[in-house]
2 protein chains.
Amino acid sequence: MTGQILSPDELEAALRAIGAERYHNLHPFHRALHDGRLTQGQVQAWALNRYYYQCRIPAKDATLLARLPTAELRREWRRRLVDHDGEAPGIGGVARWLKLTDGLGLDRAYVESLEGLLPATKFAVDAYVEFVRDRSILAAIASSLTELFSPTIISERVSGMLRHYDFVNSETLAYFHPRLTQAPRDSDFALSYVREHARTVEQQEAVLGALKFKCGVLWSMLDALDYAYVTPGRIPPGAFWPTCP
Amino acid sequence: MTGQILSPDELEAALRAIGAERYHNLHPFHRALHDGRLTQGQVQAWALNRYYYQCRIPAKDATLLARLPTAELRREWRRRLVDHDGEAPGIGGVARWLKLTDGLGLDRAYVESLEGLLPATKFAVDAYVEFVRDRSILAAIASSLTELFSPTIISERVSGMLRHYDFVNSETLAYFHPRLTQAPRDSDFALSYVREHARTVEQQEAVLGALKFKCGVLWSMLDALDYAYVTPGRIPPGAFWPTCP
């Protein structure tokens with residue numbers, strides 16, 4: 001930190017630089033997933049653990065929603081709940097993620113039970129919800145800015161997985177398609193909020209720190225998967241054991 | 001879970017069985033540490049990350065202390081704060097841990113800044129403090145029961161490290177010596193509290209779940225160290241970079 005106040009453009013550039021260094025598209029497990037180097041069992045482990053992230057996102061958004069001071073901000077943030085929880089059973093992002101775990105051959109009740117999660121997944125995701133509860137509203141909004149970088153990773157993920165794996169298809173990957181429009185809409189809002197409201201050095205440091213924190217959440221989830229499921233003999237006691245090779 | 005109420009002896013046996021399966025003395029990184037297979041830089045990474053656990057233990061204990069209903073219980077739990085924070089600067093478990101990081105060649109201000117921590121370390125330790133804040137007092141006390149198993153790991157750690165590493169000595173490992181008497185005293189209390197107060201199936205399940213949770217905290221910390229610092233090229237962005245080979 002230089003201790004200098006940044007212009008909105010400089011702040012945005014600093015945020016994008018954090019993404020360029022720390023976003024999880026750079027993680028070796030992500031590359032292995034997209035390059036077709038994982039087994040179906042390893043992709044199961046990824047989808048099972050990532051389910052916990054997906055299913056806690058509405059809790060994260062509701063936690064922030066409860067703290068927002070105006071109807072305008074709450075309406076904006078409420079869209080995220082609609083995207084994830086849908087308008088009816090079977091609709092929405094969490095339901096679409098379960099279509100992926102179904103398609104990979106995982107038992108839905110087992111996935112929803114959360115029993116096979118890596119502890120590290122739970123700690124990382126819970127840390128995200130708690131961050132949004134405990135930090136400033138500005139920092140909480142800034143922590144969502146990883147969505148600035150998600151269209152790229154989603155495109156890579158879908159095309160790579162469809163090309164390399166016969167155990168997925170465009171229906172089981174249906175989660176990702178709406179995210180290509182939802183994520184930019186959401187990150188446009190969050191970025192313009194942050195550009196407008198982070199005016200002091202302290203606020204700008206909090207915003208940059210929030211994005212680093214969130215990159216750490218996503219990165220550490222892939223660290224844990226890579227550690228547990230790529231080298232044999234590393235699955236921690238009690239965690240999911242792949243049901244296919 | 002069988003759904004049957006266990007006798008106090010059966011409950012204790014079930015707790016000890018969890019330790020036999022899940023305590024981190026079984027982790028490959030622990031074995032590598034004690035067998036002399038780590039470099040000084042890898043031991044630095046372990047001590048630096050473990051420092052965060054040490055320095056949050058008083059916060060964990062104070063969080064529980066604040067919830068305990070009687071002077072008797074609070075006096076019992078207060079001893080843990082005295083053990084860790086001492087009666088004067090430079091005394092107590094946290095200060096002794098800093099002697100270890102000093103002895104390993106780490107800059108004390110850097111260690112205390114927490115800047116180089118693995119995100120997974122932070123998430124795991126914070127999850128422990130939050131568990132103690134949010135769960136029942138019975139579960140919070142039960143989560144300390146990993147101390148039942150710590151004298152063994154401490155003995156292995158000290159003798160193995162002294163034998164294999166010329167960069168530690170009995171002075172830099174001074175943290176561990178008092179723990180050999182403190183941990184059994186503390187776990188005796190916690191175990192007898194749990195044996196007496198966990199009387200329903202739900203309470204016993206909460207107690208067993210608390211110990212599993214805590215084993216997951218310790219285990220995932222070693223997963224993260226093993227992943228980041230044993231295979232080259234895995235240190236996450238922003239984390240500690242060893243200062244010696």
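Me: Where is A:Asp35 in chain A?
Reply: A:Asp35 sits in the loop between helix H2 (28-34) and helix H3 (40-65) of chain A. Keep in mind that this is a predicted model.

Me: What makes A:Asp35 buried, exposed or something in between?
Reply: Its relative accessible area is 43%. Buried needs under 20% and exposed needs over 50%, so A:Asp35 counts as partly exposed.

Me: Why is the pair A:Asp35 and A:Arg37 called a polar contact?
Reply: The side chains of A:Asp35 and A:Arg37 are joined at 3.3 Å. The cut-off is within 3.5 Å, so this pair makes a polar contact.

Me: How far is A:Asp35 from A:Glu147?
Reply: Their C-alpha atoms are separated by 22 Å, and the two residues are 112 residues apart along the chain.

Me: On to A:Glu12. Why is this residue called buried?
Reply: A:Glu12, in helix H1 (residues 8-22) of chain A, has 18% relative accessibility. The limit is under 20%, so A:Glu12 counts as buried.

Me: Which residues is A:Glu12 in contact with, leaving aside neighbours within four places in sequence?
Reply: A:Leu191 and A:Arg195.

Me: What about chain B: what makes B:Ser143 buried or exposed?
Reply: B:Ser143 is in the loop between helix H8 (137-142) and helix H9 (150-164) of chain B. Its relative accessible area is 0%, which is under 20%, so B:Ser143 is buried.

Me: What does B:Ser143 touch, not counting residues up to four places away in sequence?
Reply: B:Ser143 touches B:Tyr128, B:Phe131, B:Val132, B:Ala210 and B:Lys214. As for B:Val132, it is eleven residues from B:Ser143 in sequence and 7.9 Å away in space, C-alpha to C-alpha.

Me: And B:Gly19, buried or exposed?
Reply: B:Gly19 is in helix H1 (residues 8-22) of chain B. At 6% relative accessibility, under the 20% limit, B:Gly19 counts as buried. B:Gly19 and B:Leu145 are 126 residues apart along the chain, with their C-alpha atoms separated by 9.1 Å.

Me: Now the two chains together. How do you know that chain A and chain B are related by a two-fold axis?
Reply: A rotation of 180° with 0.0 Å of shift along its axis puts chain A on chain B, with an RMSD of 0.0 Å. That is the relation of a two-fold axis. Both copies use the same surface, too: 100% of the contact residues of chain A recur in chain B.

Me: How much area do chain A and chain B bury between them?
Reply: About 1,900 Å², with 64% of it on carbon and sulfur atoms. In chain A, the residues that lose the most area to chain B are A:Phe123, A:Tyr227 and A:Pro237, together 37% of what that side buries. The contact takes 23 residues from chain A and 23 residues from chain B.

Me: Why is the meeting of B:Arg234 and A:Asp226 called a salt bridge?
Reply: Their side chains meet at 3.9 Å, N to O. The cut-off is within 4 Å between a side-chain nitrogen of Lys or Arg and a carboxyl oxygen of Asp or Glu, so the pair qualifies.

Me: Which elements give two or more residues to the side of chain A that touches chain B?
Reply: H1, helix H7 (119-134) and helix H11 (201-229) of chain A. H11(A) gives the largest share, eight residues. The residues of that side divide into twelve nonpolar, four polar and seven charged.

Notes. Residues are numbered from 1 along each chain as its sequence is written. Chains are lettered from A and ligands numbered from 1 in the order in which they are written. This is a predicted model: local features need pLDDT of at least 70, side-chain atom pairs count only at pLDDT 80 or more; totals for chains, interfaces and linings use all residues. Side-chain values use heavy atoms; hydrogens and water are left out. Helices (H or I, at least four residues) and strands (E, at least two) are DSSP runs, numbered from the N terminus. Buried means under 20% relative accessible area, exposed over 50%, partly exposed in between (1.4 Å probe, protein chains only). Contact means heavy atoms within 4.5 Å. Copies are superposed by least squares on the C-alpha atoms of residues with pLDDT of at least 70 in both. Buried area is the accessible area (1.4 Å probe) that two parts lose on being put together, summed over both. Ala, Val, Leu, Ile, Met, Phe, Trp, Tyr, Cys and Pro count as nonpolar, Asp, Glu, Lys and Arg as charged, and the others, Gly among them, as polar. A polar contact is a pair of N or O atoms within 3.5 Å; within protein, one must be able to donate a hydrogen and the other to accept it, and residues adjacent in sequence count only if both atoms are side-chain atoms.
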